[in-house]
Amino acid sequence: MHARLILRGIERRIAAGLKPDVASVASVFVSRWDAAVAGKVPKNLNNQLGIAVASRTYKAYRQLLSSPRWQRAFNLGTRPQRLLLASTGTKDPNASDVLYVKALAAPFTVNTMPEATMLALADHGELGSILAADGGDCEKILAEFADAGIKLEALAARLQEEGAKSFVKSWSDLMAVIEAKGSELMQTV
């Protein structure tokens with residue numbers, strides 16, 4: 001949905017005679033999905049939900065980028081929106097330290113992996129295969145989570161709300177630090 005709204009905004013810019021080269025990302029916080037279901041699913045599903053959700057998102061993303069609407073916008077100078085894969089550090093100490101990075105390496109994406117994950121990737125060397133544009137077996141895996149009682153839409157809504165609150169808190173904390181530093185500097189003048 002987010003990407004369609006961006007496209008609609010770009011189309012409005014084009015119609016208004018404005019430059020359409022708007023940079024944007026659509027973020028998926030990968031490991032948060034797995035953390036949310038840890039201990040609530042069969043062992044064979046551990047650390048699989050974040051990858052499946054990101055893979056499904058990538059599939060929808062690639063389909064949208066190949067649509068006639070995006071192709072028209074590209075022809076008029078639009079940049080492709082990027083899929084940003086965030087929270088790709090592995091939280092489970094029993095899982096590979098590069099689990100998400102290796103599973104989700106794909107064209108047209110940005111990965112904001114933490115430093116420890118980046119160093120682990122450099123240590124391990126190769127990524128391996130690239131994520132399939134069709135999302136691979138994500139639908140099968142997501143069905144297994146549904147069969148295990150995970151309500152994906154409700155979980156998505158909860159994670160989005162928690163994520164938004166977290167960003168608001170971080171922003172407020174940053175503004176408080178800047179204000180305090182500004183007051184400190186004003187007192188030295």
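## Accessibility and basis of the model

Buried means under 20% relative accessible area, exposed means over 50%, and partly exposed lies in between, with a 1.4 Å probe and protein chains only. At 23% relative accessibility, Phe29 therefore counts as partly exposed.

The model is predicted: local features need pLDDT of at least 70, side-chain atom pairs count only at pLDDT 80 or more, and totals for chains, interfaces and linings use all residues. Residues are numbered from 1 along each chain as its sequence is written, and side-chain values use heavy atoms, leaving out hydrogens and water.

## Sheet

Helices (H or I, at least four residues) and strands (E, at least two) are DSSP runs numbered from the N terminus.

S1 and S2 run parallel and are joined by 5 bridges. Phe29 has Ala86 in S2 as its bridge partner.

## Nonpolar core

A nonpolar core is a set of buried Ala, Val, Leu, Ile, Met, Phe, Trp, Tyr and Cys residues joined through side-chain atoms within 4.5 Å. The largest one here has 37 residues, and Leu49, Leu104, Phe145 and Leu155 have the most contacts inside it. Elements giving two or more residues to this core include helix H1 (2-15), helix H3 (49-65), strand S2 (82-86) and helix H8 (152-188). H3 gives the most, with 9 residues.

Contact means heavy atoms within 4.5 Å. Not counting residues up to four places away in sequence, Leu49 touches Trp33, Asp34, Val37, Leu142, Phe145, Leu152 and Leu155.

## Aromatic pairs

Rings of Phe, Tyr and Trp (its six-membered ring) pair if their centres lie within 6.5 Å; planes under 30 degrees apart count as stacked, over 60 as edge-to-face and the rest as tilted. The whole structure has 3 such pairs. One of them, Phe29 with Phe167, is edge-to-face, at 5.7 Å centre to centre and 65° between the planes. Phe29 lies in strand S1 and Phe167 in helix H8, so this pair ties together parts 138 residues apart in sequence.

Tyr58 and Tyr61 form a tilted pair, with 6.1 Å centre to centre and 35° between the planes. Both lie in helix H3, 3 residues apart, about one turn of the helix. Tyr58 and Tyr61 are both buried.

Technical notes: Pairing = 2+ DSSP bridges.
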